Amino acid sequence: MAKLLTDDVVKQIEEAFAPMKENVQVMFFGQKEDCQYCSDTQQLLEEVVDISDKLSIEIYDLDDDADLAEKFNVDKAPGTVLAAKDGDSISDFGIRYAGIPSGHEFTSLIQDILLVSGRDSGLAQETRDFLKELTEPVLLQVFVTPT
Amino acid sequence: MVQAEMVEATEFQALSNKYNVSGVPQTTINDGAANITGAVPESNMIAEIKRITAK
C-alpha cells in the first residue's frame with residue numbers, strides 16, 4: 001500500500017517528536033460498514049505511530065468492542081482517542097477525534113500527541129482550578145473541515 | 001469531567017446540521033448549550049463553560 005506520509009513529512013514529524021517525554025497510547029475505533037475514511041485514518045495513525053517508540057496503537061471496532069467504545073465515550077467511526085500510557089496503565093485526558101485528522105487537523109493531532117506526552121495541558125492555573133471544581137460533565141465538540 | 005472532540009464536519013453531516021454549523025471551526029458545548037464560531041481564547045471558553053454549568 002502506498003504511504004500517506006511522504007519522507008519529508010516523516011522527517012518533520014520526527015523533529016517535532018524529539019521533545020516527547022512520556023508514552024502515548026493511540027486508540028483507533030473503526031467500523032466495518034459505511035465508513036468511508038476508516039481505512040485511511042487507520043493507515044495514517046499507524047504511519048504516525050511508527051515514527052516514535054514512545055507511541056503505540058491499539059485497533060478496535062466500534063461494534064465488536066462496544067463496551068470499550070462506551071467506556072471511552074467513542075460513538076463515531078473513525079474515532080481516535082489519545083491517552084497517556086504509563087506501564088500498563090492508560091489515563092484518559094478526554095481527547096477525541098471523530099473523522100480523519102487530515103489537513104489542519106493533522107497538525108492538531110501532532111500537537112495533541114506532544115501535549116499528552118508532556119502530561120501538561122498548558123492551561124492557566126486559574127483555568128485548572130475552575131475545571132477541578134466541575135461537578136457535571138462538559139463536552140466540547142469542535143467542528144472542522146479538512147481544507 | 002471534560003471531553004474535547006474534534007468532529008470532521010463533512011464526514012458527520014447530520015451532526016453538523018443538528019448544530020447549524022455554517023462556519024468552521026465551530027465549538028459546540030454540551031449538545032448545543034453554546035455554539036461559538038471561530039477561534040475561542042481560553043478565557044472565553046471558560047466563561048462559556050461557567051455560564052452553562054451555572055444554570
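Visitor: How many salt bridges are counted between chain A and chain B?

Guide: The count between chain A and chain B is 1 salt bridge. This is a predicted model, in which local features need pLDDT of at least 70 and side-chain atom pairs count only at pLDDT 80 or more, while totals for chains, interfaces and linings use all residues. Side-chain values use heavy atoms, with hydrogens and water left out.

Visitor: Why is the link from Lys76(A) to Glu5(B) called a salt bridge?

Guide: A salt bridge needs a side-chain nitrogen of Lys or Arg within 4 Å of a carboxyl oxygen of Asp or Glu. The closest N and O atoms of Lys76(A) and Glu5(B) are 3.0 Å apart, so the pair qualifies.

Visitor: What makes β4(A) and β1(B) paired strands?

Guide: Strands (DSSP runs of E, at least two residues) are numbered from the N terminus. Two of them pair if DSSP finds at least two bridges between them. β4(A) and β1(B), residues 2-8 of chain B, have 4 bridges in the parallel sense, so they pair. Ile95(A) stands opposite Ala4(B) in β1(B).

Visitor: How do you know which residues of chain A and chain B are in contact?

Guide: Contact means heavy atoms within 4.5 Å. By that criterion, 35 residues of chain A are in contact with 29 residues of chain B.

Visitor: What is meant by the area that chain A and chain B bury?

Guide: Buried area is the accessible area (1.4 Å probe) that two parts lose on being put together, summed over both. For chain A and chain B that is about 3,300 Å², 60% of it on carbon and sulfur atoms. Leu140(A), Gln141(A) and Phe143(A) supply 25% of the area that chain A buries against chain B, more than any other three residues.

How values were computed:
Residues numbered from 1 in each chain as written. Chains lettered and ligands numbered in written order.
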